[in-house]
Amino acid sequence: SSVAELDAALVDCRACPRLVEWRERVAREKRAAYRDEEYWGRPVPGIGPADASLLVVGLAPAAHGGNRTGRMFTGDRSGDVLFAALHAVGLTNQPTAVHRDDGLTLHGVRITAPVHCAPPDNKPTPAERDTCSGWLRAELALLRPRAVVALGGFGWQALLPVLGSVGWTIPRPRPVFGHGARVELAGPWPLQLFGSYHVSQQNTFTGRLTPAMLEDVLRAAAEAAGA
Ligand code: SF4
């Protein structure tokens, strides 16, 4: 199977009843406000080339961002910050991501999430994270990235057990998430895990995460990945 086949299968997933109900209800209720576009309201697959050596793992699609546009981090404030930083370090052809057909191209990097459906309050439950982890496991196995950036503690916590389940040695005590955290893991192929604060408005509006801080992590991870 290929990454494209994985993405095609993912968009039909209905494994989490609460998230299916929520993503579809938001789409129904908001469709009128976005009459000129198709309001996605389905699982949002990862984006980026199938041979990317760097994987960025967020949290979950935003109700009116990825859940609306059908593309990760596209059409919301978090994405504005992320794509500006990716462009600044040479990983995209443009600094913005507005809608699915805006000409965005990613170079050597793929962006995904441990939970592929928009959750209420941006808070998936641990059970939903575990249910969705099979998709992340499959994506990792197909992509074989050499570096992974966890955007936020949720992505970090989701990644460690997934990596552990496919043959990585997770040090004990478990590596602690933090901005700038960097861990080399032993497993089926050499992989470095990086931590960055999430690009949420809560972090970027308060200056907890600045564009320079994010660019530093992305640059180091891209270098480690050879992206
Ligand atoms: Fe399926 Fe993941 Fe969406 Fe749950 S969150 S319905 S497992 S795609």
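How many residues lie between β4 and β5 in the hairpin that they form? Five.

1. Basis. This is a predicted model, in which local features need pLDDT of at least 70, side-chain atom pairs count only at pLDDT 80 or more, and totals for chains, interfaces and linings use all residues. Residue numbers start from 1 along each chain as its sequence is written.

2. Helices (H or I, at least four residues) and strands (E, at least two) are DSSP runs, numbered from the N terminus. β4 (residues 182-185) pairs with β5 (residues 191-196) in the antiparallel sense over four bridges; pairing requires at least two DSSP bridges between the strands. R182 is opposite F194 in β5.

3. Helix α6. The 13 residues of α6 (residues 153-165) should span 18 Å, and the end C-alpha atoms are 19 Å apart, which agrees. The expected span is 1.5 Å times one less than the number of residues. After α6 comes G167, with a positive phi near 105 degrees.

4. Packing of α6. Its buried residues (20 or more other C-beta atoms within 10 Å of their own, C-beta atoms being placed from the backbone) are F154, G155, W156, A158, L159, L160, V162 and L163. These pack against β1 (54-57), α5, β3 (147-151), β4 and β5, with contact meaning C-beta atoms within 7 Å.

Note on methods:
Buried ≥ 20, exposed ≤ 12 C-beta atoms within 10 Å, placed from the backbone. Contact = placed C-beta atoms within 7 Å.
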